[in-house]
Amino acid sequence: MRDNLILWLVLLAFVAGSFSGCISRDSEFYSADDFQTVQKIDVHFHYETLDDRYLLLADSLNLKLVSPNVDAGRSISEQLDIAKELKARYPDKFAFFGTFGVDHYGGEDFKGRIITRIDTCMAAGASGIKIWKNIGMTLKDSVGSYVMADDPEFAPVFAYMEENSIRLLAHLGEPKNCWLPLEEMTLDNDRSYFRNNPQYHMYLHPEAPSYEDQIGARDNLLDRYPGIPFTGAHLGSQEWSIDEVAKTLDRFPAYDVEFSARIGHLQYQAITEPKKVRDFMIKYQDRIMYGTDVGVSARNSDYAATAESLVKRWKDHFIWLATDEAVIVDDLDGKSVKGLQLPKEVIDKIYFANAEKFFR
Ligand SMILES: [Zn+2]
């Protein structure tokens with residue numbers, strides 16, 4: 001009887017030991033199977049339809065969506081109507097950034113009209129205001145000079161945003177690849193985008209502002225309006241070098257970044273310097289946010305195919321960031337890139353905690 005008891009105790013100790021060993025070994029990192037249950041926010045998802053199936057799909061994956069309106073494509077008032085309705089119906093699953101048009105630059109009451117528009121967006125439930133690369137890349141004044149984001153005409157607008165602590169989501173400039181010939185670009189998606197959009201391929205427009213001019217204008221805004229909560233979309237167009245992103249984060253305390261449409265650039269750097277990319281994500285874990293820059297609109301007529309490709313994209317990203325499994329990256333000619341395996345607490349911040357402010 002006593003022998004039996006000892007045997008049971010030994011067995012119990014063994015089971016408990018391996019169980020706790022298992023917990024401590026596994027609890028530091030997520031696995032691919034955790035994809036669905038981990039709370040996530042895609043901070044850059046262009047939702048341009050009232051078809052709510054994509055929102056419900058995202059919700060089934062514990063994923064909230066933030067849709068930035070943009071001064072391009074469909075009219076900004078239609079974009080706001082869609083965003084406003086989705087926000088009213090799904091306030092805790094959906095958030096959006098409003099935007100303003102700039103075509104009336106140099107016209108009567110330029111700043112007043114923009115400020116009225118900002119108020120309208122904020123009253124509709126916007127988390128902030130997005131500005132786009134048309135400022136700096138296509139907008140021109142009456143004598144044909146390019147208008148940059150730090151142009152004096154915009155000063156009262158940014159002063160207003162600072163006074164009212166309105167968040168600015170800034171997509172200024174483009175990936176540095178934009179200033180290179182197609183064959184020198186590091187990523188396939190940049191190559192195909194600029195092949196199809198030559199008006200934005202700055203290598204073809206040497207008269208237009210340089211890459212450095214774009215970054216300089218952005219830095220001037222950060223310098224002049226330190227009170228604007230400022231999110232650099234697409235790694236603040238410094239995607240080619242995490243050292244450059246880090247310098248900007250170090251210099252401007254109110255600045256944070258999201259890496260939508262630029263994860264391929266992180267993966268590109270991780271091929272040669274995986275530890276450096278991982279260390280960067282860990283060091284700036286409170287100031288980096290996850291996003292994709294994909295979107296849905298009435299053009300997505302095949303729901304099943306769109307849903308499948310969205311889920312695949314979201315899941316591949318999660319596997320690369322959270323686990324040590326390799327993923328195949330189409331934008332890098334199908335190269336396989338080993339996952340960063342960021343610690344759980346870092347994943348929870350990049351995917352969720354840092355972007356929760358958009359839902360308040
Ligand atoms: Zn976008």
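Which residues of the largest nonpolar core touch the most other members? In this predicted model, that core has 89 residues, and Phe 154, Phe 259, Met 281, Trp 314, Trp 320 and Leu 321 are the ones that touch the most other members. Helix H12, residues 303–322, supplies the largest share of this core, namely eight residues. A separate, second core has 13 residues, among them Tyr 146, Met 185, Phe 194 and Met 202.

Phe 259 and Leu 321 are themselves listed with Met 281 among the residues that touch the most other core members.

For H10 and helix H11 (residues 274–283), the axes come within 5 Å and cross at roughly 130°. H10 and H11 are therefore oblique to each other, since an angle that falls between 115 and 145 degrees belongs to neither the roughly perpendicular nor the roughly antiparallel class. On the H10 side the contact is made by Leu 266, Gln 269, Ala 270, Ile 271 and Thr 272, and on the H11 side by Pro 274, Val 277 and Met 281. By class, this contact of H10 with H11 comprises six nonpolar residues, two polar residues and no charged residues.

Helix H10, residues 263–272, also holds His 265. His 265 counts as buried because its relative accessibility is 3%, where the limit for a buried residue is under 20%. Its contacts, apart from neighbours within four places in sequence, are Pro 175, Asn 177, Thr 186, Leu 187, Asp 190 and Glu 239.

Leu 310 is buried, at 4% relative accessibility. Setting aside neighbours within four places in sequence, Leu 310 is in contact with Phe 45, Tyr 54, Val 294 and Val 296. The C-alpha atoms of Leu 310 and Glu 184 are separated by 29 Å, and the two residues lie 126 residues apart along the chain.

The next subject is the metal site. The zinc ion is coordinated by His 44 through NE2, His 46 through NE2 and Asp 293 through OD, at 2.1 to 2.2 Å. Along the chain these donors follow the spacing H-x1-H-x246-D. Distant parts of the chain are linked here: His 44 lies in the loop between strand E1 (40–42) and strand E2 (45–48), whereas Asp 293 lies in the loop between strand E9 (288–289) and strand E10 (294–297), 249 residues apart. His 44 is buried, because its relative accessible area is 0%, while Asp 293 counts as partly exposed at 27% relative accessibility.

The contact involves Ile 76, Ser 77 and Leu 80 of H3 together with Arg 117, Thr 120 and Cys 121 of H4. These residues of the contact of H3 with H4 divide into three nonpolar, two polar and one charged.

Gly 101 lies in the loop between strand E4 (94–99) and H4. Not counting residues up to four places away in sequence, Gly 101 touches Asp 71, Ile 76 and Ile 114. Gly 101 and Trp 132 are 31 residues apart in sequence and 9.7 Å apart in space, C-alpha to C-alpha.

Most residues other than glycine have a negative phi. Leu 235, although not a glycine, has a positive phi of about 60°, and Asp 333, also not a glycine, has a positive phi of about 55°. Leu 235 is found in the loop between strand E7 (230–232) and helix H9 (242–251), and Asp 333 in the loop between strand E11 (326–329) and strand E12 (335–338). Leu 235 counts as buried, at 1% relative accessibility, whereas Asp 333 is exposed, with a relative accessible area of 58%.

Notes: Residues are numbered from 1 along each chain as its sequence is written. This is a predicted model: local features need pLDDT of at least 70, side-chain atom pairs count only at pLDDT 80 or more; totals for chains, interfaces and linings use all residues. Side-chain values use heavy atoms; hydrogens and water are left out. Contact means heavy atoms within 4.5 Å. Helices (H or I, at least four residues) and strands (E, at least two) are DSSP runs, numbered from the N terminus. Ala, Val, Leu, Ile, Met, Phe, Trp, Tyr, Cys and Pro count as nonpolar, Asp, Glu, Lys and Arg as charged, and the others, Gly among them, as polar. Donors are N, O and S atoms within 2.8 Å of the metal (3.2 Å for Na, K and Ca); water is not among the atoms, so sites may look incomplete. Buried means under 20% relative accessible area, exposed over 50%, partly exposed in between (1.4 Å probe, protein chains only). A nonpolar core is a set of buried Ala, Val, Leu, Ile, Met, Phe, Trp, Tyr and Cys residues joined through side-chain atoms within 4.5 Å. Axes are lines fitted to C-alpha atoms, for helices over the stretch in contact, and angles run from 0 to 180 degrees between N-to-C directions. Angles under 35 degrees count as roughly parallel, over 145 as roughly antiparallel, 65 to 115 as roughly perpendicular and the rest as oblique.
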